[in-house]
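Here is a friendly walk through the model you have open. Have a look at the fold, and then we will go through its charged pairs, its rings and its surface.

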Amino acid sequence: MLYHTGFLPNSLNGCHMFKRRYAALLPALILLSACSSKPKTEAAQPTAGAPSGGFLLEPQHNMMQMGGDFANNPAAEQFIDKMVSKHGFDRQQLHAILSQAKRLDYVLRLMDRQAPTAQVPTGPNGAWLRYRKQFITPDNVQNGVVFWNQYEDALNRAWQVYGVPPEIIVGIIGVETRWGRIMGKTRILDALATLSFNYPRRAEYFSS
């Protein structure tokens, strides 16, 4: 009796590749989960009426002065000056974009709750155990490998161009978005503008 075994080498190679990527992704998830500053219990709910979606530019952005929540904000103007002089951005386009940004007070409150205090901790606070339980699960790691396989070409191009290994990119996307399944409800423009221009303690970090 003859047995067709031509599929075995491919199957074994696929199994070995899965194991290698599983092993590469697991340390990245552990590291990123330890660095995460967003435990589930700290998640803030956006206030009613918070904008969603992206922002739009008019075909001709001829706004001379910036309007909106950050009009006449010295930190915003300094940021625009830096982006124009150092990176060659168009000033009027930056005015048009930042005029659409909204100040989010709930983001400021969340940052204040996470701010370090002068009180010395008396012992472990269990943060790492919470993060590990939340992120380092068999399903998460397997989903990361599936994502890696699906976008292998793009991940390798990013590695070649920017020098960031695929396991780091996959780990970040997994921790922040569960590989694209959880995109959040807060516009990045609003959150970054709020923290860059109205939160001096971390303004340099968020505007850099």
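Three salt bridges turn up in the structure, which is a predicted model. In general terms, side chains of opposite charge can pair when their charged atoms come close.

| Salt bridge | N to O distance |
|---|---|
| Asp81 and Arg91 | 2.7 Å |
| Arg103 and Asp105 | 2.7 Å |
| Asp190 and Arg187 | 2.8 Å |

**The charged pairs**

Let us begin with Asp81 and Arg91, whose closest N and O atoms are 2.7 Å apart. This pair links distant parts of the chain, with Asp81 in helix α2 and Arg91 in helix α3, ten residues apart. Asp81 has a relative accessible area of 35%, so Asp81 counts as partly exposed. Arg91 is partly exposed as well, because its relative accessibility is 32%.

Are Asp190 and Arg187 buried or exposed? Both of these residues are buried, and their side chains meet at 2.8 Å, N to O.

**Helix α3 and its cover**

Helix α3 takes in residues 91–98 and is mostly covered, with six of its eight residues buried. The buried ones are Gln92, Leu94, His95, Ala96, Ile97 and Leu98. At the start of α3, a side-chain oxygen of Asp90 comes to within 3.1 Å of the backbone nitrogen of Gln92.

**Aromatic rings**

Searching the whole structure gives four aromatic pairs. One of them joins Phe70 and Phe197 in an edge-to-face arrangement, with 5.5 Å from centre to centre and 75 degrees between the planes. Phe70 and Phe197 are both buried. Ring pairs also bring in Phe79, giving a cluster of Phe70, Phe79 and Phe197.

Asn140 is part of helix α6, which spans residues 138–150. Why does Asn140 count as buried? Its relative accessibility is 8%, and buried means under 20%. Setting aside neighbours within four places in sequence, Asn140 touches Gln134, Phe135, Arg178 and Trp179.

Thr177 is found in helix α8. With a relative accessible area of 18%, Thr177 is buried because it falls under the 20% limit. Beyond its neighbours within four places in sequence, Thr177 is in contact with Ile182 and Met183.

**A nonpolar patch on the surface**

Which residues form the nonpolar patch on the surface? They are Val161, Tyr162, Val164, Ile168 and Ile172, and together they have about 470 Å² of accessible area. Helices α7 (152–162) and α8 (166–177) each contribute at least two residues to this patch. Val164 sits in the loop between α7 and α8. Its relative accessibility is 32%, so Val164 counts as partly exposed.

**The chain as a whole**

Stepping back, the protein chain has ten helices and zero strands. Along the sequence, this reads as α-α-α-α-α-α-α-α-α-α. The chain has 208 residues, and 29% of them count as buried. Among contacts with a separation of 6 or more, 79% come from residues 24 or more positions apart. The accessible surface of the chain is about 14300 Å², and carbon and sulfur atoms account for 58% of this area.

Terms used. Residues are numbered from 1 along each chain as its sequence is written. This is a predicted model: local features need pLDDT of at least 70, side-chain atom pairs count only at pLDDT 80 or more; totals for chains, interfaces and linings use all residues. Side-chain values use heavy atoms; hydrogens and water are left out. Buried means under 20% relative accessible area, exposed over 50%, partly exposed in between (1.4 Å probe, protein chains only). Helices (H or I, at least four residues) and strands (E, at least two) are DSSP runs, numbered from the N terminus. A polar contact is a pair of N or O atoms within 3.5 Å; within protein, one must be able to donate a hydrogen and the other to accept it, and residues adjacent in sequence count only if both atoms are side-chain atoms. Patches are made of residues with over 30% relative accessible area and no salt bridge: like charges are joined within 9 Å, nonpolar side chains (Val, Leu, Ile, Met, Phe, Trp, Tyr) within 5 Å. Accessible areas come from the Shrake-Rupley method with a 1.4 Å probe; for residues, only the protein chains shown count as cover. A salt bridge is a side-chain nitrogen of Lys or Arg within 4 Å of a carboxyl oxygen of Asp or Glu. Contact means heavy atoms within 4.5 Å. Rings of Phe, Tyr and Trp (its six-membered ring) pair if their centres lie within 6.5 Å; planes under 30 degrees apart count as stacked, over 60 as edge-to-face and the rest as tilted.
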